[in-house]
Amino acid sequence: MTRFNGKVALVTGSSNGIGRAAAILFAQEGAKVTITGRNVQRLEETKQEILKSGVPEDHVLAVACDLTSEQGQDELINSTIAKFGRLDILVNNAGTAFVDSQGKTGLNQDVSDYDNVMQINMRSVVTLTKKAKEHLIKSKGEIVNVSSIAAGPQAHSDMMYYAMSKASLDQFTRCAAIDLIQHGVRVNSVSPGGVTTGIGEAMGLPAGAFEKMMKFMESHKECLPCGKIAEPVDIAHIIAFLADRRLSSYIIGQSIVADGGSSLVMGCQAHDMMKMMSS
Ligand code: NDP
């Protein structure tokens, strides 16, 4: 018996990074999983990683869709219920940031980046959660959102629209938690600091720029006291903890910070992000 035996988990953004690590962990620990993302090839890589660890093929459903489309979301929920008959765990992980093509930051960044980041990091979470709600109420399930330490309370003016989307997500976590706990559904979130994933490429940064920023952080204690950027699996373990009612039943509407100490010092905010990525 493994801890998620008999459970069905839907992990958004599982074609890469944190979501992929979480989907693999849930599957290895007995859950049936729906994996999703737009990139079909990367989605297949996640599926193969899961199968490699001995998970039966019929425990995995891969659905390629754009989460900003409600039609895509309907397909995701409907195909999960059609294949597995239930939904116990929803991980709202898919997300990204957008950098300005001319390197503009703060209020100089075009407002279209604000619209785009809110669309995927916030609006799609609201609509997908609304669609999943009836199934989660039936199973007395769990929702885990993936936020960020960029949510604050410190200012993150270099990436203000991204930071605003995550601050908004944290309030969603609290409100949805109170809205849904009366039906037996728990909502919580994890707030990572820097994690080695595909997010730099997804943001449209030049090759190697995100990695340079992570290396800069590792060598500056005021940015990252523990001196080591997280791997996706470090965050996946916290997602699994928050989805495991035997371990975390009394945690409701909270965000667990997992950032190697960054938010206690927040020295990164005193550095210029663009310079960190080029040094
Ligand atoms: P990755 O870029 O590695 O993964 C992001 C995932 O989201 C991919 O699977 C991507 O799939 C999916 N995604 C993005 N946009 C869409 C869309 N429109 N429709 C469907 N899927 C989409 O990044 P991370 O793993 O780092 O990011 C996961 C979460 O962690 C995000 O919410 C991010 O904000 C958060 N986070 C990350 C940190 C970090 O340092 N890496 C720090 C703090 C928080 P595809 O490309 O196939 O569509």
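This is a predicted model: local features need pLDDT of at least 70, side-chain atom pairs count only at pLDDT 80 or more; totals for chains, interfaces and linings use all residues.

Residues are numbered from 1 along each chain as its sequence is written, and side-chain values use heavy atoms, with hydrogens and water left out.

Next, display the chain as a cartoon. The secondary structure comes to 11 helices and seven strands (DSSP runs, H or I of at least four residues for helices and E of at least two for strands, numbered from the N terminus). Of the 279 residues in the protein chain, 52% are buried, that is, under 20% relative accessible area with a 1.4 Å probe, protein chains only.

Now select helix α4, residues 111-139, and go to Ser 139 within it. Is Ser 139 buried or exposed? Ser 139 counts as buried because its relative accessibility is 15%. Show its neighbours as well: leaving aside residues up to four places away in sequence, Ser 139 touches Arg 86, Leu 87 and Asp 88.

Finally, select Lys 7, Glu 142, Ala 243, Asp 244 and Arg 245, which lie nearest the centre of the second largest pocket among its 13 lining residues. A pocket is an open set of points on a 1 Å grid over the protein atoms alone where a 1.4 Å probe fits, with protein on both sides within 12 Å along at least five of seven lines; lining residues have an atom within 4 Å of a point.

Definitions and conventions:
Buried means under 20% relative accessible area, exposed over 50%, partly exposed in between (1.4 Å probe, protein chains only). Contact means heavy atoms within 4.5 Å.
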